Amino acid sequence: MENRFGVKDFILFVLLALLIGVVVLAMLQYDRQWTDVQKIRDQLAEQGRDLRDLQRSIARGVTFNSQGGAGTLATGSRIASTNPADYGKDDPFARIKAARANPTYAEGDWLVDVAMGQIAKLTPFIASDLYAMRVQDLVLETLLTRDPMTLDWQPLLASSLPKIDDNVEAYNKYVDGQKKKGRKIEEIWKDPSLPIPVTMTFTLRSGPQFSDGKPITADDFVWTFNWIMNEKVAAVRDRSNFEKIRSVEKKGENQLVFKFREPYYDILTLAGSLYALPKHFYEKYQPEQYNQSVGLLMGSGPYRLEDPTAWKPGSGQVVLVRNERYWGTLPAFDRIIFKEISNDVARQTAFRNGEIDVLEARPEQYQAMKNDRELMKRSQAHDILSLNGGYRYVAWQQKKNGKPTVFADQRVRQAMAMLVNRERMMQELTLGYAELASGPFSPAGKQFDPSVKPLPYDVPRAKQLLAEAGLKDTQGDGVLRMPDGTPFRFKLTFPSGSASYEKMALTMKDAYAGVGIVMDLDPLEWAVFTQKLNTKDFEAISLGWGGGNPESDIFQMFDSSQSVTDGDNFMWYANPRFDEIVRRARTTVDEAKRIPLWHEAQRILNEDQPYMFLWFTKEMYLLDKRIQNVQMGPLGLPMGDRLEWWVPRNQQKWIK
């Protein structure tokens, strides 16, 4: 058969060519339309920002240029400098304004962060885990804030730093006189004639509002303080802190007066850190309803929950949307999302796959990923031993069912530390990204006393201490037994899903087995773990404390008064000498006299070992390289730093 190219074939060819041409033209037209849509979207976004800025400026009060007809708005919101110092030392938004002045700055995109476990509650004051606090830091606001680099105080919801009236001399004279009469401080506090040692007066800014548009008033602060101090509210941790304040009172329409019950070394932190909860939102809940809630969260911060009542645990994430009503300088990201990923490997995989933007890495992860050249082409790495890094510990339960446990004996607790080669374990688990701890104070801070050395790795001395406490191998079978003949056996409870905790637990198990102690592993999912912690239902438990304050208050963790329901002295530690030293430190305003008291407290804890203090770990982060302006300061990478980050328009990926 002979193949011929006929008329029909030609017509089909022409039609096919026309069809291809139409498709190409349609694609070009679509591209042009998409570009136009993008331009329109950008213009609308810019107009929205301008209207938003105008609304906030009018709320704060603006000036108009007398030249140019009706006048041009002079808000001072756009300047060329990217130096935060150029925006004013007392401006809490100086760093964000400096970021906005960068030529590549752009609003938009999402920041996908991680919670390394399931968040149980978001309701303020009754939420206890670190990641709930991180969410709250973006939603709730306080009177004062700190510059993340200089650590200087700056006014936030207050219009300036407070006026402080010092009457400590009269207070001390009265208290000393009453103590000579044999009265206890708790009795003296009730005296109506007791002088107020310190009075602090704040003036509130005009203009700040909650995310529902209602203005912040002095009444909101007064209500929040009284709510915390209500014994029916399960705010044990915060109540123990704020009990140093006798009252918070409204003065006029825009002033708050804090009257302190006793002198306190860190009064600015205490008063300045009081959240403003919207009274109109929370007062409709009875204490019982509030205590049982999990997701009641509304504030005045730059981010908010889409529904301040709807969040429930188990959803796998917390989604915060930018608060477009925010009274201050808005951050760049449309959303900040906390994905709950409890497993170390799963978090690492999620970062490698680009599913999350921030990875708070374990040392072995951090080192391995830093060595991955392909990964680092699109990532950035940051590490620092910061005041915010915190430390890991093992707490020994000293009382169960009202009776002392084997760990109530100081010699046993010391021996448990001496049986573990903590230096070697630290090097193996942290790859050198840590420092061995001799107490609860960070080596980066003034409270730390370098002359206090961690208990040594000393197996013979540990065995001697155990024998002195009555723990011996009485049957010659290699098993240490209690005085009543039962084997020395206990469970170590720790968060599941963490390779680091599991390796640590196995190392301890082997060390104790070598002298005849049986340690069973008890890994628990985070929500169950925190319940065990709060109810003191454990024998030994391992976790970590974070930092955040340049001079930390360890009262809530170790003072004997804090061995209460939901209190943080969950191991029933009690030492009258320690209580006396810490209480003196907390009421000593003079730093030169106070720091030696903290050093003495460190020495007592290092000897008593209510915790087996392990190590202070460096903060180690890997972030997507498209995120700009990531800086590590004395506090590491606090949540507020995320407000200064942005992604250039051409690199945004989560939302276009």
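## A phenylalanine in the core

F258 touches L143, V198, T199, M200, F202, I245, S247, V248, A271 and L274, leaving aside residues up to four places away in sequence. The model that shows these contacts is predicted. F258 also belongs to the largest nonpolar core, which has 170 residues. Within that core, F258, F488, M508, Y512, F558 and Y611 touch the most other members. Helix α6, residues 218–229, gives the most to this core, with seven residues.

There is a second, separate core of five residues. Among its members are V175, I188, W189 and L194. In soluble globular proteins, nonpolar side chains tend to be buried together.

## The chain as a whole

How many helices and strands does the chain have? The secondary structure comes to 21 helices and 21 strands. The chain has 656 residues, and 50% of them count as buried.

Now take contacts between residues at least 6 apart in sequence. Of these, 69% join residues at least 24 apart.

## Helices α20 and α21

Two packed helices are described by the angle between their axes and the distance between the axes. Start with α20 (residues 576–586) and α21 (residues 591–608). Their axes come within 9 Å and cross at roughly 155°. That angle is over 145°, the cut-off for roughly antiparallel, so α20 is roughly antiparallel to α21. The crossing of α20 and α21 is left-handed.

Which residues of the two helices meet? From α20 come R577, F578, I581, V582, R584, A585 and R586. From α21 come R594, L597, W598, E600, A601, I604 and L605. The residues of this contact divide into nine nonpolar, no polar and five charged.

## Helices α14 and α16

The next pair is α14 (residues 410–418) and α16. They pack at an angle of about 155°, with their axes 8 Å apart. That makes α14 roughly antiparallel to α16. The crossing of α14 and α16 is left-handed.

In α14, the residues of the contact are R411, V412, Q414, A415 and M418. They meet V459, R461, A462, L465, L466 and E468 in α16. The residues of the contact of α14 with α16 divide into seven nonpolar, one polar and three charged.

## A serine in a loop

Where is S442? S442 lies in the loop between β16 (434–436) and α16 (459–468). Is S442 buried or exposed? S442 has a relative accessible area of 11%. Buried means under 20%, so S442 is buried. S442 touches S386, L387, F448 and F616, not counting residues up to four places away in sequence.

## Two residues with positive phi

Most residues other than glycine have a negative phi. F125 is not a glycine, yet has a positive phi of about 75°. F125 sits in the loop between β1 (110–115) and α3 (130–139). At 7% relative accessibility, F125 counts as buried.

Q609 also has a positive phi, near 55°, and is a residue other than glycine. The place of Q609 is in the loop between α21 and β20 (611–617). Q609 has a relative accessible area of 3%, so Q609 is buried.

Methods. Residues are numbered from 1 along each chain as its sequence is written. This is a predicted model: local features need pLDDT of at least 70, side-chain atom pairs count only at pLDDT 80 or more; totals for chains, interfaces and linings use all residues. Side-chain values use heavy atoms; hydrogens and water are left out. A nonpolar core is a set of buried Ala, Val, Leu, Ile, Met, Phe, Trp, Tyr and Cys residues joined through side-chain atoms within 4.5 Å. Buried means under 20% relative accessible area, exposed over 50%, partly exposed in between (1.4 Å probe, protein chains only). Helices (H or I, at least four residues) and strands (E, at least two) are DSSP runs, numbered from the N terminus. Contact means heavy atoms within 4.5 Å. Axes are lines fitted to C-alpha atoms, for helices over the stretch in contact, and angles run from 0 to 180 degrees between N-to-C directions. Angles under 35 degrees count as roughly parallel, over 145 as roughly antiparallel, 65 to 115 as roughly perpendicular and the rest as oblique. A crossing is left-handed if the near helix is turned anticlockwise from the far one by less than a right angle, and right-handed if clockwise. Ala, Val, Leu, Ile, Met, Phe, Trp, Tyr, Cys and Pro count as nonpolar, Asp, Glu, Lys and Arg as charged, and the others, Gly among them, as polar.
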